[in-house]
Amino acid sequence: MLTSICGINWGDEGKGRMVDLLSENYDIVCRYQGGNNAGHTVINERGRFILNLLPSGILREGVVCVMGPGMVIDLKHLSGEIKALRSAGISVSPENLKISDKAIITMPYNVLQDIMEEDRLEKATGKPYGSTRRGIAPVYADKYMKKAFRTGELKNPERLYRRLPDIVEWKNMTIKAYGFEPLKAEEVKEYFETYGREIAEYVTDTGAFLNDAHKSGKNIMFEAQLGALRDIDYGIVPYTSSSSTIAAYAPIGAGVPNLKLTNSIGIMKAYSSCVGEGPFTCEYFGEKAEKLRAAGGEYGAATGRPRRVGPFDVVASRYGIRCQGADEIALTKLDVLDGYEEIEICTRYLLDGKEIDEFPFTDVLDDCKPVFEKVKGWNKDISKCRKKEELPKEALDYIRLLEKLCDCRIKYVSVGAEREAYIKMY
Ligand code: GDP
Ligand code: MG
């Protein structure tokens, strides 16, 4: 089995918790894109964890985790994340963590660039991108400029250091243009000296490892960070991440472009949330927003920022399902809607006096208004339900309605953040 677990919406759908749950039946979990801008919260019998770089499978004994060539890795952050897990009693070693030699290294100057540019945008336009300021866009830019460092280079530091002065000189042209002090190659070298050797231990040819594993019948899961609407090509550019968050990219970003996915499981939230800037047509404001945000605990795992919230968005979710080629859906956080007599759903957008149901081009989204419809809520606690027969009729109706409106099959429904708080629908 080669399964991808991807986000259908704007991110924070609960991918981490679903990977933690479903990885029971998998031998390997790979992250295939993004960096430490991810925040996956996982709660299980071993504790409560927030993972930024490490695949969520790291919390299961016996599962091997892979960080693929599609990722950008901040060495300092990874070192800290590994230490934090170890102190919580989770073992992390080259036995259960393998980092692709082709993965890209996020540099401290990429973080600086991200901050400089967000601040410039804020001043110049009042409209920053809402970046997590962790250097992700600049490091992906460096990758495509062919100026980035790759983790495989950590194995041969002398060679890497020879390449360093020219890269620093090139980077300083940008930094000076923002009015900041230029960097010294020696300072940049320190980053590699401090963290390079430690991280190099995990670096290997993960493509060969995954192909061997696949041949010997092992099950492989690909874990996405962020949702379809944050994809660099298909999302709400420029309010997206800088990587491909979609399932079709998983084999490429994980290091096995020769292998085909068996299935794609889309993680879809029972309502909507969105961190940062950009069009969010179904957005709630005022009291309505506060009630939903409080019920869902919608504050970013990576940044602590209050997330924007709204009701379930059919237009955006249908598009997300299509982008992800999702065969099955896990509907998450249904319990968050427990306290509602009536639940709203955004079924269409209103554009120039006409109702549309195809997700439009980003610029057009600015002119779209949501069309809300109401359905009956269940208005009772479903967090203890573990079988579909235990769900109130209205909750079941809500699930069936989303299946119909989005033309998808909902296989799992989560009703709490803990690993076991879920219902298998079929
Ligand atoms: P990810 O980035 O897609 O992995 O999602 P996040 O971890 O950033 O955000 C999901 C949040 O919802 C986390 O705080 C989870 O602990 C929490 N969560 C996940 N599933 C459920 C659920 O079914 N019910 C509730 N109430 N919380 C959940
Ligand atoms: Mg998250």
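This is a predicted model: local features need pLDDT of at least 70, side-chain atom pairs count only at pLDDT 80 or more; totals for chains, interfaces and linings use all residues.
**Entry 1: H5 against H6**

I began with helix H5, residues 157-177, and helix H6, residues 185-200. Their axes lie 9 Å apart, and the helices pack at an angle of about 135 degrees. Angles over 145 degrees count as roughly antiparallel. H5 and H6 are therefore oblique to each other. I looked up the hand of the crossing as well, and it is right-handed.

Next I listed the residues that meet. H5 brings Leu 160, Tyr 161, Leu 164, Pro 165 and Val 168. H6 brings Ala 185, Val 188, Lys 189, Phe 192 and Glu 193. I sorted the residues of this contact by class: 8 are nonpolar, 2 are charged and none is polar. Lys and Glu belong to the charged class, and Lys 189 and Glu 193 both sit on the H6 side.

**Entry 2: H3 against H4**

I then turned to helix H3, residues 108-125, and helix H4, residues 136-144. Their axes come within 7 Å and cross at roughly 120 degrees. The range from 65 to 115 degrees counts as roughly perpendicular. H3 and H4 are therefore oblique to each other. The crossing of H3 and H4 is right-handed.

From H3, the contact takes Tyr 109, Asn 110, Gln 113 and Asp 114. From H4, it takes Ile 136, Pro 138, Val 139 and Asp 142.

Arg 133 is not a glycine, yet its phi is positive, at about 60 degrees.

**Entry 3: around ligand 1**

Which residues come nearest to ligand 1? I found 17 residues around the ligand, and Gly 39, His 40, Thr 41, Asp 335 and Ser 414 come nearest.

His 40 uses a polar side-chain atom, 2.6 Å from a ligand oxygen. Thr 41 places a backbone N or O atom 2.7 Å from an oxygen atom of ligand 1. Gly 16 also uses a backbone N or O atom, at 2.8 Å from a ligand oxygen.

**Entry 4: a cis peptide bond**

Last, I checked the bond between Val 237 and Pro 238. It is a cis peptide bond, with omega about 5 degrees. Where does Pro 238 sit? I placed Pro 238 in the loop between strand S10, residues 220-227, and helix H8, residues 250-254.

Terms used: Residues are numbered from 1 along each chain as its sequence is written. Chains are lettered from A and ligands numbered from 1 in the order in which they are written. Side-chain values use heavy atoms; hydrogens and water are left out. Axes are lines fitted to C-alpha atoms, for helices over the stretch in contact, and angles run from 0 to 180 degrees between N-to-C directions. Helices (H or I, at least four residues) and strands (E, at least two) are DSSP runs, numbered from the N terminus. Angles under 35 degrees count as roughly parallel, over 145 as roughly antiparallel, 65 to 115 as roughly perpendicular and the rest as oblique. A crossing is left-handed if the near helix is turned anticlockwise from the far one by less than a right angle, and right-handed if clockwise. Contact means heavy atoms within 4.5 Å. A residue is near a molecule or strand if one of its heavy atoms lies within 4 Å of it. A polar contact is a pair of N or O atoms within 3.5 Å; within protein, one must be able to donate a hydrogen and the other to accept it, and residues adjacent in sequence count only if both atoms are side-chain atoms.
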